[in-house]
Amino acid sequence: MTQPLVMALTKGRILKETLPLLAAAGIEPLEDVHSSRKLIFETNRPDLRLVILRGSDVPTYVRHGAADVGVVGKDMLLEFGSEGLYEPLDLGISRCRLMTAGFPDAPRSRPRLRVASKFVNLARRHYANKGIQAELIKLYGAMELAPLMNLADEIVDIVDTGNTLRANGMVPLEHIADVSSRLVVNKAAMRTRHSSIDALVKALRGAVEQGVAA
């Protein structure tokens with residue numbers, strides 16, 4: 001019997017917005033993924049299984065073939081690279097912007113900026129391209145606290161409404177990239193299981209085109 005396809009989904013907001021797309025494509029988990037403590041879920045299709053992961057882990061699972069396909073934010077692909085992956089579809093969900101941010105009156109002419117971010121690779125490339133020397137400080141959350149506590153001059157983070165920045169006296173400064181969630185496919189799986197994956201991509205593309213994610 002052929003092994004089912006494994007689809008890695010990103011937990012949190014992306015998962016919440018992915019499930020309606022899957023439903024429109026005829027795919028539904030057999031259990032409530034939000035209330036269950038499980039990480040692997042069977043679906044109404046015996047040929048497809050879901051696994052719920054942190055966003056930063058999805059490209060790794062798909063790249064190494066532990067999952068055949070995945071749903072992950074473009075920010076993670078930009079940060080960790082997309083080697084070994086195809087990116088056939090922009091799902092149009094969880095849209096936001098990756099930006100630098102800081103205090104509006106802070107000088108930017110200093111010889112070296114201290115920058116806090118969980119996107120250290122992206123941040124390093126951004127500042128290098130602008131000819132700015134940046135000391136990168138890796139944090140995993142509450143980025144706005146870093147300038148407030150004088151740990152960093154600026155941050156690089158995802159900006160949605162900008163409300164958290166404003167509440168802490170900061171503003172977005174420079175746009176780095178627009179972000180949305182993408183369908184990614186393991187390159188080897190695309191060759192060996194092309195018909196199954198192609199059918200899945202087409203079904204999800206149809207859901208996107210119907211405006212299910214709008």
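I count two strands as paired if DSSP finds at least two bridges between them. Helices (H or I, at least four residues) and strands (E, at least two) are DSSP runs, numbered from the N terminus.

The model is predicted, so I take local features only at pLDDT of at least 70 and side-chain atom pairs only at pLDDT 80 or more, while totals for chains, interfaces and linings use all residues. Residues are numbered from 1 along each chain as its sequence is written, and side-chain values use heavy atoms, with hydrogens and water left out.

**Overview.** I find eight helices and eleven strands in the protein. Of its 214 residues, 45% count as buried (under 20% relative accessible area; exposed is over 50%, partly exposed in between; 1.4 Å probe, protein chains only). The C-alpha atoms fill a box of roughly 65 × 30 × 30 Å along the principal axes.

I looked up an open sheet of five strands, ordered 8-7-9-6-10, with mixed pairing. Strand 8 (133–138) and strand 10 (171–179) are at the edges; each has a single partner strand, so one side of each lacks a neighbour in the sheet. Neighbouring strands are turned by 30° against each other on average, direction ignored. Axes here are lines fitted to C-alpha atoms, for helices over the stretch in contact, and angles run from 0 to 180 degrees between N-to-C directions.

Strand 6 (residues 96–102) and strand 10 run antiparallel, joined by seven bridges. I checked one partner: Cys 96 bridges to Val 179 in strand 10. Helix 4 (residues 120–129) packs on the sheet and touches strands 6, 7, 8, 9 and 10. Its direction makes about 170° with that of strand 8. Contact means heavy atoms within 4.5 Å.

The largest pocket holds about 770 Å³ of space. A pocket is an open set of points on a 1 Å grid over the protein atoms alone, where a 1.4 Å probe fits, with protein on both sides within 12 Å along at least five of seven lines; lining residues have an atom within 4 Å of a point. The volume is the space filled by probe spheres set on the points, which are joined across faces, edges and corners.

The lining has 35 residues, and Asp 75, Met 76, Lys 118, Phe 119 and Ile 158 lie nearest the centre.

**Asp 75.** Asp 75 lies in helix 3. Is Asp 75 buried or exposed? Asp 75 counts as buried, at 10% relative accessibility. Beyond its neighbours within four places in sequence, Asp 75 contacts Phe 119, Leu 122, Ile 158 and Val 179.
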